[in-house]
Structure formats: C-alpha cells, structure tokens
Amino acid sequence: MNYLEFLLMRPEISLLSIFVIIFLFDLMATGRYRRIFHGIVCLLMLAHTYICMTGSAEEITLFGGMYYNNPMLSFMKAMLTCGSILVILQANRWLRSASTYYKQGEFYILMLSTLIGMYFMLSARHFLLLFIGIELASLPLACLVAFDKYRHHSAEAGIKYILSSMFSSAVMLYGISFLYGSCGTLYFSDMATILSGSPIHIFALVMFFAGLGFKISLVPFHLWTADSYQGAPTVVTAYLSVISKGAAVFTLFIVLTKVFANMIVEWQAIIYILTIASITIANLFAIKQHDIKRFMAFSSISQAGYIMLAVINGTAHGMTAMVFYILVYIVANLAVFGVIESIEHQCTDGVKREDFNGFYRSNPRLAFLMTLALFSLAGIPPFAGFFSKFFVFMSAFDAGFMILVFIALINTVISLYYYLLIVKAMFINQNDNPIKPIKCDLFTRISLTFCLLGIVFLGICSFVYINIDKLSF
Amino acid sequence: MLVALWMSRGIKQIRTVMVAGSTLLLALSVYLTIDFIAMRNAGITDAQLYTDSWSWYTPLNICYSIGVDGISVAMLLLSSIIVFTGTFASWNMKPLTKEYFLWYTLLSLGVYGFFISTDLFTMFMFYETALIPMYLLIGVWGSGRKEYSAMKLTLMLMGGSAFLLMGILGIYFGSGATTMNIHEIAQMANIPVNIQYIFFPLTFIGFGVLGALFPFHTWSPDGHASAPTAVSMLHAGVLMKLGGYGCFRIAMYLLPQAANELAWIFIILTTISVVYGALSAISQTDLKYINAYSSVSHCGLVLFALLMMTRTACTGAILQMLSHGLMTALFFALIGMIYGRTHTRDIHKMQGLMKIMPFLAVGYVIAGLANLGLPGFSGFIAEMTIFVGAFSVNDTFHRVVTIIACTSIVITAVYILRVVGKILYGKPENKEHLELTDASWHEKFTVICLIISVAGLGILPMWVSNLINSGVANIISNIQP
Amino acid sequence: MELAIYILALPLLSFLILGLVGKNLSHKVAGILGTLSLMVCTVIAYSVAVTYFGAGRSEDGLFPTLMPYNYTWLPLGGNLSIDMGVLIDPISVMMLVVITTVSLMVHIYSLGYMKGEKGFQRYYAFLSLFTFSMLGLVVATNIFQMYVFWELVGVSSYLLIGFYYTKPAAIAASKKAFIVTRFADLFFLIGILIYGYYTQDFSFTINESILLSASAVLPLALGLMFVGGAGKSAMFPLHIWLPDAMEGPTPVSALIHAATMVVAGVYLVARMFPLFVGYAPETLSMIAYVGAFTALYAAVVACVQTDIKRVLAFSTISQIAFMMVALGVCTSTDPHKGGLGYMASMFHLFTHAMFKGLLFLGAGAIIHAVHSNEKEHMGGLRKYMPITHITFLVACLAIAGIPPFSGFFSKDEILTACYDYSVIMGMFMSIVAALTAFYMFRLYYLIFWGKSLYEEQLNSYNSGIIKEKPHKPHEAPICMTAPLVILATITCFAGFIPFGEFISSNGHAYEIHLRTEVAISSILFAIAGIVIATIMYKSGESKLTKAINQSCKGFIKAAYRRFYMDELWMFITKKIIFNCISRPIAWFDKKVIDGSMDMLATITQRLADFVRPMQSGNIQSYSVWFLSGTLALVLILLYLM
Amino acid sequence: MIIPAEYYLVLSAVLFFIGVFGFFTRRNLVSLLISTELMLNAVDINFAVFNAYCYDHLEGYIFTLFGIGIAAAETAVAIAIIINVYRNMKTIHIKNLRELKD
C-alpha cells in the first residue's frame, strides 16, 4: 500500500486541511480575529472549490478500487461545495446572534465533516467506504439540526432526525449484509457481476434503497423531513434540503448504475412507484402547509421525486439531467431559504405563509428574488427551473416512462398552485403590518446574488449543461 | 429582442419607454410584413424566411431557431398592434406601474418568441413564458374575484401545457429524437401512426385549452372578467391565438395522419364551443363575461376551421385569429374604459351611455358590428372564408357541423345587439353616470388604432389573405393525405 | 358606364365625411352635403340609364350585360373568390334609377322633416350609408357581393330604425329587425355556400354545363336563398320585423322599408330568375304560394290597424308579396308563354317604390302635422293639408289599381300573369287587390275625412272644456311637399312607360298589352273595395262599420294583433331560446363544466386532508411507515418479477 | 458441533425485528436508542456470520468492526441530543415530542 495515494484524493485532502485550519483558528483566535472568522471560512472554501474543480482532470482509482474519482465526481463535489458556501454565506447573521456566536467554529466543523462524508459517498466504490461516508454525512447533521440548544423545537427535530437516521441506516445495513452474504464481496465492481435479481437481491436492493431514500426523503421514507426541517435552524434546513439531498441522489445514481446495473428493471420499478408517491403525496401535503419551512420540506420531497425521473433513466443522459437539475435546484432553493433566513428574526413563531402578505410592498427586491426562485422551482420559463424540469422529463420519457412523465406533469400543476400561493401572498394579499424593510448583510447579499444569477442564467446559457453532458459517464 | 431593455429604466420614464418600445416593435413588425411580402413577390418560395438557427442544447438537439412564414408574420403584426394599443390602454395603471409593465413586457416577449420560433423546445418555452405573467397581471392589477380567477386561469393553462409537453416529447422521440426543428420533423414524417394517435390528442388539447376548446374554456370567462384592460386585450387578442397557432403548427402539421383520423372528435368539440359559447353569452349580464363567451365562440371557430383541413378554411382560421384578436382587443379596451368610469359591468345598471360618452359608445357599436360579422370589418371576411372553406369538404358530417357553426352568426347578433340596446341606448337613468366623461386622448388613440386595423383588414383583405395563404398551403400540403 | 362607380363612391364618401367629422358641421351643411352628393348621384344614375338603354340592343336583341368593374376582393382558394364590381344590366339600371330617385326625394324631404333633430348629421350619414349599400347590392356582379351589401343594408336599416335611440320601442324594433333578417340571412348564406361549392363560382352568369351538373342541389340552394330574400322582403312568417321597423323616422320608412331595401328579396329572386326557372320550378311555385299567402295575410291585417304607419307597413308587405307572386307564377323565361310575371314584378317594383314612397312621405307630413301616428288623432285633415291630401289620394288610387295611375298597369300585369298560371291564383290575387283598395281608402278616409280632431278640440277650447289651445295642423314646408309632388307626378305617369321594352324575362322587348277581361275585372274589384271603404269610413265610423266590428269582434281583434305572430315569435325567442336554451347552458357552464374544474381542485384539497394524519409528529409511526413501505416494495417487486 | 449458519441468521433476524418492535412500541427515547442498537447489532452478526461461514477474507469482520464503531458514535450523538431534549423539556417521553406535526 502506497501512502502517497492519500495525496491523490485532492478534494478530500484540501477539505481536511481547511477543517484543521478552522479547528485551530477556533481554538486560538480571540477577540477581533473572531469577527473575521466567517470571511476566512468563506475564502478558504472558495480556494477549496478551486482546487476541487481544477484538481482531477483524470480518473483516479485508489486503495485497491475502494476510492474512485473522475472529473464528473469532482464537479459534483465542487457543486456541493459551492452550495455549502452559499449556505455559509447566508448563515452569517444567524451565526453572529448571541446564542451561536461562540459556537461558530463548531458549526463550520460539523458542516465540513458532513461535506467530507458526502465526498466519500460519491467517491466510494466499496460499501464500507460508502457506509462510512453516509454516516459521516448524517451524524454531524443531527448535531446541526439540534444546534439551537435552547430551542426545544430544534432539539425535537434533532432527535427525530437522529433516530430516524439510525433506524434507516440499520435497515440499509441489514440489506447490505445480505448483499455481502450472497456476493462475498463489498466492492461495487465485483458485486455488479454477481447480482442477478434473485429474491434476496431484491430484498437487499429495497433495503438499501430505503436507506438512501431516507436521505433523499422519498415517500414513504420522508416522514422525518417536515418535522426536522421545521425545527432545525433555517440555515441547516437549507443545507439539509439541497446539499445533503443532492449528495444522496448522486450516490444513489452511482450505486444503482454501478452495482445494480443488472437489476435495472427492478430498481426502475422501485423508482417508478416511489416517484409517483413522492410527487403526489408531497404535493398534497404542501398545499395545506402554512409554515414556510415545513412547506419547503414538502416542496423538496416533491422536487426529489422529479430528480428521480432523471435517475430512472440510468444513462449518461439521465446523469446530465440529474446533475443539472440538482444544480438548478440548489440555487433556487437556497434563494428561497436565503429570503426566509433574512426575515426569520421578525417572525416570532416560525415563518408563516401569512407573514409574506404584502412582502412586496416592503421588500421589493427580496420579494422579487423569492418570486423568481419559486417560479424556477415550479418550472416556469425563462428561469433555470424550466430547463432542468424539461430535461428531466425528457430523460424519463426517453427511458420509455410516458405515464410516469404524465403523472409528474399533472403534478407540476399542483405544485405551481402552492408556489403561486406564496407569490400571491407577497404580491396580492394586503397586510397592515408587513415585514419591515430588511437590510441584508454583505454575505447574504452575495449569496442571494449568486442564486439570482444562477436562476436567471443557468437555463439560458447552455454551456453549463453542455459541459456537464461532456463529463457524464 | 429589444424588450429586455425596457426593464431597467426609471419609474418616471416608464411610459415613455413603453411607448417607444412598443412603437418600435410595431414599426419592426410592419417593416417585417412589407419586406416579407416583397420577398414573396420577388419569387422566393421557401417555406420560411429570415430563418436562423443557433445551436443551444446540442446534446438534446435543441436549437434556438427562428423563422417566419406568412402566418407568423400576420400574427406578429397582430401582436404588435395589440401590445402597442395595450400600452396606451394601460396608461393610468396605478399601483406598481413599473412592475406592471415589466410583466406585461415579459408576456409580450413570450408571445413574440412563440410566433417566430421553429423549434419545439423554444416554442414551448416561449409558450409558458407568455402564460405565467398572466397570474400576476390579473392577480395584482385585476378586479373582482381576481385571485380566484388568476389562479384558475394559470392552473388550467398550465394543465394544458402539461398535456402539451407530453405531446412535444412524444413528437420528438417519435420522430427518432434527432431534431427538434419543426420543419425537419415534418419533412421526415416518420412518426409511427400509433404514436400519433396517442400524442395528437394530447398536443391538440394542450393547445386547445388556451384556444378555449370546450370543455376546457372555463378559465376564459373568469380570467377575462378579472383581468385589467390591457391584459384582457393581450390575452384574448393574442394569447388565445397561441392555441390555434400551435394546434395548426405543431399538432396538425407534425402529426398529420392522426390529425386526419381523429379530427372528427375535435370537430364536434369545436362545434359545441362555437354554438355553446354564443348561447352562453346571451344570458350573461357582465360585459366582460359576454365578451369572454363570445371569444370562446370565435376561438372555437378558429379551431373548427383548422380541423376542416382545407386550404381555404385554414386561411380563414388565421384570418379569424387576426380579426378576433383585433376585435376582442377593441372590445376589451372599450369595456375597460367604460368600467373605469361607471365602476360596474352589469348591463342592467347602465343605460344610455350613448348620451354620456358618445365616443366610447360609438366605438362599442362599431366593435359590436365588427364582431357580428358586418362586411367591411375583419370578422366578415374571416367567417366567410371559413364557411366557404369548411363547406368545401364534401361529406355529410362536415356539412352538418358547418351549418351548425353558421348559426353562431345569428346568435352573435342576438347577444351583441342585446348589450348595445341595453347599455348604450335608452335614457341614462343612473344619476351618478351623468357626470362621467368621455374618452381621454390616449383612450381615443387606442380605440381609433384598433378600429382602423379592424376596418383595414375588412376592407382590403386580399393582401393579408395572400400573405397567409402561402404559409397555410405549405402546412396543408403536409396534412392532406 | 364607367361613371357607375361614382354612384357608389359618392354616397360612401358622404357617409365617411358625415360620419367622421359630422359632429363639427352645422345641420344645414351636413344636410346639404348629403343631399348634393345624392343629387349628383341621381344625375349619374339617370345618365347611365339613358346611355344604357339609349345604346340600344345588341345583335341578339338583348341589352348587353356590362361589367365595367370587377376586382377580386377576397380570394377563397380554388376557383372561388369574392369579387367586387359593378354589373350593369336592365334590372340593375332600373334599380339604380329607383333607388337614387327615392333616396333623393327622402334626402330633400328629410331636410324639413328632421329639422332640429338631435343627431341630424348622424341621420344623413346613415342615409348615405344605406344608399351606398343598396346601390352596391343592386350592381353586385356576384351573389357574394350581393350578400356583402345585403348585410350592410341590414345594418344601416338597423341603425336608422334605432335612430331615436332613447326610445325603448325603437331599440327593440331595430334589434328585432336586425336579428330576424340576420336569421334569414343565415339561410341565404348556406344557400350561397351550396351554390358556390357546386358551381365553383359565385357569379350570376354560369355556363350551362356546370349548372346541369349541379342541378340536383340547385333547388335547395335557391330555396335557401329565397328564405334570405323572404327575410329581407318580409314574407310570412319572417315579416314580423317590418311593422315594428316603423319606429324609425318616417322618411327612413319611406326609403328603406317601403321603396328599396324590402324589395331586395324580390330583386334577388329576379336576379337568380333564369336559374329558378331553369332548375328549380318547384321552388318558384313555392315562392308563389308563400307570396300569395303573405299578400292576403298582410292585407287582412292592414284592414284593422290603427297606426297609419302600420297600415302602410302591412300594405308594403302585401305589395311585395304581389311581386313575389308575380315572380313565382312564371313558368318559363318567355314572356309570352308564362314568363310575363318577371316583367310584371319588376314593373310593380318600380311603380310601388314611387307610390309607396309617396304614401310614406305623405304620412310623414301628416305625422309632422299632428304629432301622432294614431288615426284617432287625425281626421278631416284635407282642409289643412291640401297638397298632402291630393298627393296621398293619387298614391291611394295608384295602389288600389285605378287607371291611369301607375299602380294599375303594373298590378294588372301581375294579375294577368297569375291568371296565366291558374285561375284560382288569379282570383285569389284579385281579391287581395280588392282588399288593398279597401284598406287604403279606409286609411285615406280616416285621415282626411270625417271629423277633425282639431276642430273638436278647438270647440271644446272655445267652450272652455279644455284649457290648452289645440295645436293646429298645418301644411308641411316646401322641401317636404316638393318631393310629394314629384313622386305624385311620377306615379301619375309611370304607368305609361313602355316597361316591357326595357325589361322582360328573356331580355327581348315585350309589348305590354292590357288584357281586357283582367283589366276590367281588376278595376271592378278595386272600385268595389273603394266603395265599401267609402260607405264604411267616409264620415267617421258608420253604423255599418260598427255592426261589422261587433259581429266579428274576435276576428278583428286577432287581425289587429296580427294574428299573434309577434307573440309567437316572442315566445320562441324569449321563452324557448333565452330561457330554455341559453339560461340552462349558462347554468350548465357555471355549475357543471366549471364545477368539474373546481371539483378537481376540491378533490385535491380533500385528498390533502385525507393524507394528513400520516404526518402525525410521532417518530414511531414514521418508522412504521418506513418499514412497511420497504416491505411493501419488496412484496410488490417479488410479485412483479 | 458446528452451529449451522442459518441459526445465526435467524438469530440476527429475530434480533433485528426485536429492535424494530422495540422501536415501534417503547415510549422512552433511551429505549428507542437501545432498540436501534439492537438492530445494528443484528446487522453486525450478519456480517460476521457471512464472513465466517462463506468466505475466507476479512471484509465482513472489518465491516462489523466499523459498524460497531459507528453505532457507538451514533449513540453518542443521540444521547447528546436526548440530553438536550431533556434539558429543554424535562422529559424524554416520546409523547412530548409531537410539537412538530401537521
């Protein structure tokens, strides 16, 4: 074994070094240095993204095939990192509030460790590494969910998250154990040749799927989502809803195509059922939600269903559509959460849909951004969401799932309805006591600007998509 | 498109910018039309002129390709006229003026884009772009049950576009997933018939919802009733035409066999639309409802004519689109102006407006007469072309439905005259109405522009007819077996 | 002949000018402008007539059919197109003369009649519009052009009837007129469509072979066109709009609803006459029967009306029916062998236009004088309005068919044609002619004879019974009486025009000769009618009258109510169409169609409520869902694979 | 005597579902945590058994080791959060954790 192989894992290494730097800074820095903590983190992360993007132009296989990296995976990692940066930028105000000011470092460290977990999830070509990655990605998240120590909602959300997560990982491991039992190996490549679709394999596949389905929050594995999203600090909710979910989708796609390639009929059937269930049920729930974060939870479940439309394709085409969808989803969703985060402190008991009444009159810019983001989520042109949705539908249609596409399309109408409810609240509903004009801090502004740019230009400028397409495998 | 420029200007100059922009567009359209005719006269017989194509999403064969034929030129001209007049009609749009025009511009951007694009994806994108601003335009600046109507309208149209998207995907993959360009697909003509059977109804209904096809028309009365004036104008005048245009350009052009086989179902539906819309209009009491149902009837006639699949009928259908676009815009403009003064649209509450606001009343009478197909206005030529064309399909079924559709011209007369008699004539009884003023200059300008267009089309129909004919011939030759 | 285009252009021009800038013109300028343009128009029309007929016949003994203008207006694909042009042939020239003459008279007359009315300019604009459209109609080169102007005529009629737009009755009448004729036009249009499709041409001159190939559908097409014509020409049962149309200003009634527009249907049938005779003789006889019935019906109703304009209206219906009958009884294109009716009809159209125009204008003068339409307010007017009286009498004699007035000659020809067709038809029409004489003279006596209301009122005023000094009837001003006199003159002498020289069914000259037995019998019938009227109404209502009124009260009441035709129509339109069709459809739309769309939304909401308990907040139930979902998936997959 | 592998598998399955049952029915957060531990242990047994009976490499054992380790980490985090819950609500009874719901 060559220890130099560690050095080839450039994204992971650079992230780890940031991890260490932050850790040390957190330990040592005092007073005025702490004030620039946030900025430093952001800069470091930016540098890291750069390393990520430029790092690996070639494919790398390490540790006897346990670890694999290629440009596409690097791109995915970079995407997740960028998303995290946006989240961190938005977190500024919250982190500076009295209760969290001295826990800043913890926040960053926890977040970065989940990010490392996600990296491993993506790069794993062995179930052990995958398992470690998944756990590494979810355990710190539980801490983040329960980060607001003195808010019992946060604690409740945290306990719900951690218990569900444990439950699901037990189920998943149980499935993996049977895979191992029947194949005698945990390497993806070896396993793929052995799997044949016997009942035990199906059993294992479903169990494994349930485990990742939990992280992606597909129906019926989604029930923790709403509660945790609502209870968690907004920043964490944002992180949960895009980054964690995105990573899980990528992983699912990789595992399904790498390991279960022979069982494509089976897993397509699973996705078929779960997609319909997710989109429909999530939409039904979303209609009735008043709490915005809860609402966004169901929206994200439904979005996950749409992402599954790309996964079901299972080819490079599907991968492109999926990555693009997630990219667009990240910017749009983060824009919404950015707005929620900025107004949260004005609402006593969570942000309600009613709080948005008359929002446009008082905060035209934020409301405008929010509208665009919601339109993008609903798939309205000329915003990026339209393009990503269209491609997702195309890829599912390409795979021959017309009825599925049709049901999904009908559901877009319902989803449009509830997104419009918020737009309506902002623009149409009158309110004597609207949210006061907000002045966002610099970091949030940067973050929201990037989201806005993404929403507007990701679709119209096709080069992003084309480049993703070139990388897809 | 210059449209995007308008957005960033200051609030003070919005009007100036809008007027300048829409005038420019109108000028461009007129220039385009003239140039197009000149090129046709010069003997250029390509199906599309000014074609251009930029590869966009190469992996998916999506291009941003544009091009116009006679039909789209005509529709562009129509859109420009209505956008132009709509700008004047919404002169005094009060709250959030800038936002209003911004969405308004986005809406017109979608419309223009739709008419010039020749790529399925681009077309669909512009189609949806045109739909969504409606929600805010109605929801924020509308009147009455605006929230309900706006939501209903948006959702129904989006439901339609869900059908449509299915149809588009079906066409793309049915033709072998090699190109999204409409004309290339049409030339390949390789979509299997059984696939056509599935996707023709989907596509047709998808566009039909916007074209107020029975029974998917119910968004139209509520939507129109609640929308602000200019939006009603643009919506009824142009947006509803997207439906007919799309049915023709995509559903029928690309899926010809199924179109021939399944036309009868839709012919029945459209016939119902035509008569049913007109009959419903008789017993409405809200001016806008009357006009909305009238639109249902007239747009039904458009689809009806398209489905007849003869060259004459289809030319008539396009003429009807133009004519209905202008007339309805005129109607809605007038209704908006009247409503702006009387604050009611109930026909029982208004009398003798002829005395109070003669200009608007005369305009209304002219619009009414144009609407009921008076020769000299556009409605007449459109309807006659349609009926002559429809009648030339020689079998009993088509004959019968044509005759049924013909009855609509009588029913139209009934409801138009009922309204004219009720609100314009007679003695003004409502005291509050006595002090109301007549149209202001920009309102007059709007009305006069539209009347001139309607009458121009009605008096000199041949050039428009020739303009359209070449485009129609190309498509029809593909449809006819 | 090229001048003919100006006949069209001038009224259009004057309409545009008056319509657009009329408001800024003074009444006088507007009136004079309209009248002048029409005067020029009339002069041109006469010159056209003179040159046309003066040029004589071509070698085949026919007047040539000229088409100085014909442009494609709207191409309709294939061979079809709608053309716009000017067609000059004997009947169109005759119509040009009639229309311009009457129209000019009406224009001049209106200067006085409409003086001081609000909307004077509008009135003249509409008159010009009407004249334009009517002229366009008669010079149409093809059936579609005819339809185009047909509609325009309809709308100008609508506008003019509704001229007093503050009067509810006028609004209702205009609406009714438009919708009823529009309804008939629907059939006209369908007829045109059939005709156009099978002949691939809309023009009137279609060669034989095409017609033969289409001969199976021609009767249907022509029949439908006749329905259109019947609507405009107020044939039973589509006549209901015409009496109400009298709500318009009286000169308008004279122009549109007596002399010109209402004969458009007759003109249409005459225009298509060769086709009718050649390919659809059954349709033609149907026309005859419809016409005959209408003639009788209208005559009977006219006998009991009290509003003088209504009487005239029904008289018009009856007279037009005469023309229709005359066309209907033709059996060939040869005037000597059963084709006489064509000429007779055209002749009657010509004379009728003059004397009916005269009657209406006269009635207008009377109404102007007494400010009422009702016969109760009249009586004994001959002293006060001598010119009106004389001219009115001339017209009455003409319509009753007393020689030497023009009506006699034309009506006589019609009767002859009827006798040629069948004796029963001849007798029937003669009786109707007698009725005509009766009701006209009833009207005449009621207006000009009997007790003068003014005198009665003056007496009671003098004896102090009423306070107000009654309004004294006075003769109309010169610009109103002049047209009366002119028209009366024409009426007196038009009968002597050798009409057959110019117009006959096959185009060859035809010498009008009176058939003695028909002539004498018709004169006798007419005199009988006059005598009865004289006895009954000469000096107020005599005992006989009262006795008759008493004995057939029910019948008279029914006739007064026009045999309840209006009620029937009202029932059909209001009750059946509005209440039983439109309302339910609107309801259906709101509740069922719209409801089902809303229902989708409601169902979605319900479903949302239904699934809600799933999200109970209890982590254990979440896990149950989780695991059962997993197991269910396993089972499904195992079952599927 | 070698105990057949099936016995172990049945044991682990029983253990797993005891854990599931416990998770579904217990009312105390700590009990829930213990139940999940049971489930994870069942998995560990599975891995070990498969490795012991079927294969001659060490992957399964190593996975078991990692599994135990990660289960410990999970427990730690869970306990921490449970303590947090207790601090906030003064109870760790599951019925009090229903504030976040529809």
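D:Lys90 lies in the segment after helix H3 (59-89) of chain D, helices (H or I, at least four residues) and strands (E, at least two) being DSSP runs numbered from the N terminus. Phi of D:Lys90 is positive, about 60 degrees, although D:Lys90 is not a glycine. The residue is exposed, with 8 other C-beta atoms within 10 Å; a residue is termed buried if 20 or more other C-beta atoms lie within 10 Å of its own, exposed if 12 or fewer, and partly exposed in between, with C-beta atoms placed from the backbone. The model is predicted, and local features need pLDDT of at least 70, side-chain atom pairs count only at pLDDT 80 or more, and totals for chains, interfaces and linings use all residues. Residues are numbered from 1 along each chain as its sequence is written, while chains are lettered from A and ligands numbered from 1 in the order in which they are written.

A positive phi is also found at B:Ala212, a residue other than glycine, with a value near 55 degrees. B:Ala212 is placed in the loop between helix H8 (193-210) and helix H9 (219-226) of chain B. With 29 C-beta neighbours inside 10 Å, B:Ala212 counts as buried. Two cis peptide bonds were examined in chain A. One runs from A:Val219 to A:Pro220, with omega near 5 degrees, and A:Pro220 belongs to the loop between H10 and H11 of chain A. The other joins A:Pro381 to A:Pro382, with omega near 0 degrees; A:Pro382 sits in the loop between helix H17 (364-378) and helix H18 (384-398) of chain A. Most residues other than glycine have a negative phi, and most peptide bonds are trans.

Chain A contains 21 helices and 2 strands. Its radius of gyration is 21 Å, close to the 23 Å that the globule rule gives for 473 residues, so chain A is as compact as a globular protein of that length; the radius is taken over C-alpha atoms, and the rule is 2.2 Å times the number of residues to the power 0.38. Along the principal axes, the C-alpha atoms of chain A fill a box of roughly 65 × 55 × 45 Å. Of the 473 residues in chain A, 66% are buried.

Chain C has 26 helices and 2 strands, and its C-alpha atoms fill a box of roughly 110 × 80 × 55 Å along the principal axes. Buried residues account for 57% of its 641 residues. Among the contacts in chain C with a separation of 6 or more, 79% are between residues 24 or more positions apart, a contact being a pair of residues whose C-beta atoms, placed from the backbone, lie within 7 Å.

Of the 5 pairs of chains in contact, chains B and C share the most contacts. This contact takes 38 residues from chain C and 40 residues from chain B. On the side of chain C, strand E1 (66-75), helix H5 (143-161), helix H6 (168-199) and helix H25 (565-611) each supply at least two residues, and the largest share, 13 residues, comes from H6(C). That side divides into 25 nonpolar, 7 polar and 6 charged residues, where Ala, Val, Leu, Ile, Met, Phe, Trp, Tyr, Cys and Pro count as nonpolar, Asp, Glu, Lys and Arg as charged, and the others, Gly among them, as polar. By contrast, no contact joins chain B and chain D, whose closest C-alpha atoms lie 25 Å apart.

Chain C also touches chain A, with 23 residues of chain C in contact with 29 residues of chain A. The elements of chain C giving two or more residues to this side are H25 and helix H26 (619-640); H26(C) gives the most, with 13 residues. By class, the side holds 15 nonpolar, 7 polar and 1 charged residues.

H26(C) has 22 residues and reaches 31 Å from its first C-alpha to its last, close to the 32 Å expected at 1.5 Å a residue, the expected span being 1.5 Å times one less than the number of residues. Its buried residues include C:Ile619, C:Phe626 and C:Leu633. Seen down the axis of H26(C), the buried residues fall within an arc of 150 degrees, so they line one face of the helix; the arc is that of the directions from the helix axis to the C-beta atoms. The face turned away from the buried side carries the exposed residues C:Ser628, C:Leu635 and C:Tyr639.

Key:
Contact = placed C-beta atoms within 7 Å.
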